[in-house]
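Open the model in your viewer and keep the selection tool ready. The tour goes stop by stop.

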Amino acid sequence: EWEAFARAHAQQWIDFSRATIEARNSSLYKPQNYENRTPSATITTLPWQDASTGFHSPVFQMSPPPFSNIMLNIDVLAFKPNQFLNDAMTALNSGVFGPVDNFRQTLGTVYELEEHEAFHNSLVDWDRQVGDATAMTNPHSVLMEPIYEAVNNPSSNIVGSIRAVVSWDFYMTNLLPKGVRDIMVVLRNTCNQSFSYNLIGNSAYYMGSGDFHNSEYDNMEYIAKFYNKMDNDFDMDAMNVYEGYVCLYTVHIYPTKALEDEYSTSLPLILTMLVSATFIFIMFAFVMYDWFVHSRNAKFVRFAATSNAIVSSMFPAKIRDELMEQHGKDGKGDDFHGTDPLISDDSSSHNRSFSLRGEQRRSTIADFYPEVTIMFSDIVGFTAWSSVREPAHVFELLEAVYSEFDRIAKKRRVFKVETVGDSYVAATGLPDPRKDHAVAMCRFARDCNYAMKNTVAKLEVRLGPETGDLAMRFGIHSGPVTAGVLRGERARFQLFGDTMNTASRMESRGEPNRIQVSQDTAELLRAAGKGSWLTARDEMIDVKGKGMMVTYFLSGGNVASPIGPGSFTHDNTTNDSSISTVNGPTFEVAPSSNGDSSEDNDIPLHELDNKIQRLVTWNVGLLLDILRKIHLRSVEDTPPSMNSPPEEQPHPQTILAEVKEVIALPHWLNTPNGNPKQVELPQVAIDQLADLVGSLAMLYKENPFHNFEHASHVTLAVSKLLSRVVDPKIEGVDAINEEATDSLRHEFSYGITSDPLVHFALVFSAIIHDIDHPGVPNTVLLKEGSGLSKRYKRSIAEQNSFQLAWDMLMESRYEELRNAICRTESDLQRFRQLLVNATMATDVMDKDLNVLRRARWEKAFAANSKESHKDRMDRMATIVIEHLIQAADVAHTMQHWHVYLKWNKRLFSEQYDAFLAARVDKDPSEGWYESELGFFDYYIIPLAKKLKDCGVFGVSSDEYLSYAEKNRQEWKDRGREVLAGYVESVKNEQKHEGLRAN
């Protein structure tokens, strides 16, 4: 039977085993080692083989099959250990383990050594194995498991068995979570064998035969049985029969010293501290929670108040409440910070309207107000004023003025409708009707007129010349209007109707610093007993759409406001608190360190009028800003070396002879650390600077054009041009550090921007360039043969201005100021040279000098220059400095048309005065039109183009050139008409002066 079975089935077993190995596709096995095998045709019993066991387990049923065909028909149950295991399995009716044994010979018949070691290396940390252990010698045991006639039914007969060689390495892996390490595991059996493993996370390594655990941890031992049945389920007598052949295994688990060290902690102390800290933290958390809740509530209240204030500023209180109520009914209270809360298509409103597209919308909020007074106001000269200012200065003015208007509106219960540009619109009589709407609005306008004059006067010390000249023009009209919420992306409360248009016309046809009211408003004032407020305008005005209208000016606009001047709180301080500006600056010089006092100054500075005082203060503030930069630079660069008054260096006979073709500027130095605004200058130097500028202002004569106000206008232009020096554009470079940017700006601007002494010299030259100007050209002075003309011959007024200013600066009373400006003798000489070149450059009427300057420009910017880089930069810087001050001196010709007209008229008036005084032979009105065109063509426009060509001043050069060309065209078109107005105005002024003289 056996022989027939073997011949019929053996090859099928071998083929199945080989297919199984090939299907594994594992690098641990080499299926090519298992070639086709055919079992022997005859079963041969070996001499030591006992075939009477009842079961047969031929080798060909092994997987993988052995390498040799000779062994294929051997019955493994013929070996005594296997027989005993088989008998024990049958007797105990359970799977049984044999002892750990050396399976080197058995395993070597089916595995190559490298294959077997690769398998074990995948299970344990083979690199950490100790001794000479190999995969063949690591613990292995034979497992014999019964096969029942009825599957998984131990009550049925055993019809076969499965015999497997088990590697204990396999069972020692993946026992611990990842990260847990140094657990000792001892494998023991009832056959008195033990083997030790060290487990580290999912890995293990075999330590060898024996129990290697630390006995100190016996009390922490954990035992796991490696069999399914309890002890009392085994027939122990039957077990004793197979002693040495059948073993029961247990796994003993112990910690190690390394594990203890890893998790050793002062846990009780830590827990105690943790509990205490937790208690303290909870108490702190409750306190902080209470604080945060209070803070959040306060923040929410502030936010709600701010939101309410914003909405209130956009809508009257009544309209605001109606919007809030309507918004709340729609249940969209959380949407106020998302889409416009005033826009909705929610159909839940009780009152609905429909858009043209058929969409449901909220109810319209609008009403008709039959008795309303509207005020329009506008800043006269604002467009021209803002054209020469920095954007920040423009908004500073508007915020200051209109914040005052808002404050007055709140006090007078006037509703601010809106501000558009420099226009301010307000209304009374809506949304809450009031009988005195006309009276209330007139009082409001009168207060605003006063506030305007007060505010711009204070701001002049910060925003510069001509700020105090700004005026407000007001227009008021009364009548019915339609008002409501005009929804959209920027929903606002809007007013519509003819009343609005008429009020706007009252403003546009009004006069500066005056409040013009319509006939309708005048009648309401008379009815209220305020007819005395009205002064009828001399002539009727032509109002578009209305025809000729009778209007009135509101009297009292120039008197003290009922609210009072003390209520104005706008901050009018300058950058330095040492300069008083509340009632106009005073320039009382404190006694200096050498004992000199202000009594040495024989110029009565207190006699400066308020306007000049404000301009002086502004100029001082500008110079102080630059002086702080000089101080910051000089502190890092060089120590002071002028501890005594400078020795007067020998100079040529005339200032003009000192003009240099090239002024050497300093090499590039690293950007100084620190903020110039935080530099504290010596108070004595500040006082001396204020006294010096005030004294220089007193040296100006009361000319219409060549006066201190025009000098301040030139200073403003210099400051703006210096502030507009642009950063260089570097191709391929998106961002560079600040120091590299300053270095490149130094190169790009030929060194002008990095030397604050250049800035100080330019601003100072603007202040002094027309000192003691006689009001006539140099040609007249030369013709008259004055002492100055005999001394200077050319550029007479300019040289005289320089000499007066320099002599004053060199006086001993300004020693600390000089030391603040120039810390060394070389700085002082360079400062004088810069001042000479800049001041002499303002003589634009000398044709020979202009020819020389053009030649120097061509030489400086010639493409084939052979000068060194530094020399060429200094030459460019020198000529650019001169052109900068020239452009500033005639800046009015390259600014807004109204600015040009203002100063052109003053220049004409000055020359006409000289004509009337018989100092000039020709009436300036003869040829003035043509000379202005020539001045534009041959000087102004070429100068503006040079500013653009040098590439230093960015958008300012474009702005100057654009205004110059526009003004030239405007003068060409309207110049004759404008000139006729000049002549009429001058003659009227002469007539009035004659009447006053009589």
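Start with strand β4 (residues 183-189) and strand β5 (residues 193-200). They pair in the antiparallel sense over seven bridges. Strands (E, at least two residues) and helices (H or I, at least four) are DSSP runs, numbered from the N terminus. Two strands pair if DSSP finds at least two bridges between them. Pick asparagine 189: its bridge partner in β5 is glutamine 193.

A word on the source. This is a predicted model, where local features need pLDDT of at least 70, side-chain atom pairs count only at pLDDT 80 or more, and totals for chains, interfaces and linings use all residues. Residues are numbered from 1 along each chain as its sequence is written, and side-chain values use heavy atoms, with hydrogens and water left out.

Now widen the selection to the sheet. It is open, has five strands in the order β6-β5-β4-β8-β7, and pairs antiparallel. Select β6 (203-209) and β7 (222-225) at the edges; each has a single partner strand, so one side of each lacks a neighbour in the sheet. From one strand to the next, the twist averages 25°.

Next, show the sulfur atoms. How many disulfides does a search of the whole structure find? One. A disulfide here is a pair of cysteine sulfur atoms within 2.5 Å. Select cysteine 191 and cysteine 247: their sulfur atoms lie 1.6 Å apart. The link is left-handed, with -100° about the S-S bond. Cysteine 191 sits in the loop between β4 and β5, and cysteine 247 in the loop between α6 (236-241) and β8 (249-255). The two are 56 residues apart and link distant parts of the chain.

Two backbone stops follow. Asparagine 174, in the loop between α5 (168-172) and β4, has phi near 60°, a positive value in a residue other than glycine. Then go to leucine 430 and proline 431, joined by a cis peptide bond with omega about -10°. Proline 431 is in the loop between β13 (423-428) and α12 (437-463). Most residues other than glycine have a negative phi, and most peptide bonds are trans.

Last, select helix α26 (residues 869-889) and helix α28 (residues 928-950). They pack at about 135°, with axes 10 Å apart. That makes α26 oblique to α28. Axes are lines fitted to C-alpha atoms, for helices over the stretch in contact, and angles run from 0 to 180 degrees between N-to-C directions. Angles under 35 degrees count as roughly parallel, over 145 as roughly antiparallel, 65 to 115 as roughly perpendicular, and the rest as oblique.
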